[in-house]
Amino acid sequence: MVHQVLLLILSIEIGTFHPYYASAFLIDRLVTGDWNGVGFYISVEREAIKKKLDNYHSSVSNECNEGPRLFVPKVSVFPTMHNNDRHPVYVDFGFMRSHDFDEYLKDNPNPCVSTSGLEVAVTIPLLAGKPDGPPIYALALTKFYEKSRGDIPKINFLYPYIPVDEISLRDNIALVRNGSDEMKISFNRSSHYCKSSALIVKEEFNEFLFSNFQFGLPVPDYSFCDRHSFKSKFCSNAERIKCGVQRYAPNLCQVWKSNDFGSCAATVEIKNITSGFRNFILLDDNPVNILASQRFHGNTTMALKYPCQEFN
């Protein structure tokens with residue numbers, strides 16, 4: 001499953017769209033930053049995914065625009081790792097740093113603003129745009145960040161951001177805590193040297209990280225720019241994309257790329273997870289089944305594509 005060629009699309013016509021959506025645009029390099037963390041796939045029930053997608057469709061549809069449609073593929077992804085009635089949810093945690101505010105904050109330090117820190121994201125990967133379509137889309141569910149960071153630019157601006165009481169990463173243990181809810185994760189490299197993941201798993205990781213078109217919020221979140229007069233590329237792009245967003249929302253998605261990407265096989269175990277976080281990753285009361293995991297790092301850039309999905 002190779003879709004890397006889709007990343008080369010720059011403001012050209014793609015496929016056959018409804019006449020109103022006659023061409024698609026990829027607005028490149030809206031965000032730049034570093035990521036260093038661990039990602040893993042969890043097996044959940046397909047019915048739980050379908051229910052979440054139904055809720056998403058209801059949230060982005062209105063009388064004038066049905067909005068994008070996402071489906072669990074008919075052919076199961078990772079068929080050798082779990083049953084056909086299952087689909088993966090992707091979780092990653094680690095340290096994210098945005099470069100787009102470095103120059104300004106160097107000359108104008110602001111203790112109430114944080115442009116880097118630990119984050120935990122939950123996404124449904126490998127979705128289709130129609131029941132029999134290829135799994136090239138993803139739906140961002142949640143991005144957790146620590147309340148104590150103060151005001152942060154939401155550079156993954158199609159994620160619903162949720163503040164929590166604590167996110168910590170020490171001695172190969174990651175902890176997310178909010179009130180009485182907790183998710184504790186342990187992780188290790190599979191050996192002392194960097195070992196690549198199994199080929200099919202590595203291809204899927206890379207495919208999801210750097211090729212999937214990722215939906216989430218109906219519109220990008222640039223509220224940070226309304227609160228601060230930073231002369232940053234991130235905020236200046238708010239004006240740049242305003243017309244496209246107004247015209248095509250919610251048919252918008254973000255695409256990540258990396259020029260310096262490294263990964264190693266890893267083992268991950270969820271030591272403890274309470275009901276609140278189980279609901280976020282669509283586990284309910286089912287046992288935790290981690291399909292595959294890896295550690296990765298890289299310098300990343302993000303593009304915004306609109307319209308994202310074809311209309312038949």
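I began with the hairpin that joins β3 to β4 through 6 residues. The strand and helix names are DSSP runs numbered from the N terminus, with helices (H or I) of at least four residues and strands (E) of at least two.

I noted the ground rules next. This is a predicted model, numbered from 1 along each chain as its sequence is written, in which local features need pLDDT of at least 70 and side-chain atom pairs count only at pLDDT 80 or more. Totals for chains, interfaces and linings use all residues, and side-chain values use heavy atoms, with hydrogens and water left out.

**Entry: strand β3**

I looked up the pairing of β3. Two strands pair if DSSP finds at least two bridges between them. β3 and β4 run antiparallel and are joined by 8 bridges. Leu-127 stands opposite Tyr-137 in β4. β2 and β3 also run antiparallel, with 8 bridges. There, Phe-93 has Val-120 of β3 as its bridge partner.

Is β3 enclosed or open? I found 11 of its 13 residues buried, so β3 is largely enclosed by the rest of the structure. Buried means under 20% relative accessible area, exposed means over 50%, and partly exposed lies in between (1.4 Å probe, protein chains only).

**Entry: helix α1**

I checked the length of α1, residues 46–60. The expected span of a helix is 1.5 Å times one less than its number of residues. For the 15 residues of α1 that gives 21 Å, and the end C-alpha atoms are 21 Å apart, which agrees.

I then listed its buried residues: Arg-46, Ala-48, Ile-49, Leu-53, Tyr-56, His-57 and Val-60. What do they pack against? I found β1 (25–45), β2 (86–98), β3 (116–128), β4 (135–146) and β9 (213–215).

**Entry: nonpolar cores**

A nonpolar core is a set of buried Ala, Val, Leu, Ile, Met, Phe, Trp, Tyr and Cys residues joined through side-chain atoms within 4.5 Å. The largest one has 44 residues. Ile-49 and Leu-139 have the most contacts inside it.

I followed Leu-139, leaving aside neighbours within four places in sequence. Contact means heavy atoms within 4.5 Å. Leu-139 touches Leu-53 and Tyr-56, as well as Leu-70, Thr-123, Ile-124, Leu-127, Phe-215 and Gly-216. Another core, of 34 residues, lies apart from the largest one and includes Val-113, Leu-126, Cys-235 and Tyr-306.

**Entry: cysteines**

How many disulfides are there? I searched the whole structure and found 2. A disulfide is a pair of cysteine sulfur atoms within 2.5 Å.

One joins Cys-225 to Cys-235, S to S 2.2 Å. Cys-225 lies in helix α4 (residues 223–227) and Cys-235 in helix α5 (residues 233–248), so the pair ties together parts that are 10 residues apart in sequence. The torsion about the S-S bond is about -85°, so this disulfide is left-handed. Cys-225 is buried at a relative accessible area of 15%. Cys-235 is buried at 10%.

Cys-253 and Cys-308 form a disulfide too, S to S 2.1 Å. This pair links distant parts of the chain, 55 residues apart: Cys-253 is in strand β10 (residues 253–273), and Cys-308 is in the segment after β11 (290–306). The link is right-handed, with 90° about the S-S bond. Cys-253 and Cys-308 are buried.

I looked at two further cysteines. Cys-112 is exposed, with a relative accessible area of 55%. Cys-243 also counts as exposed, at 60%.
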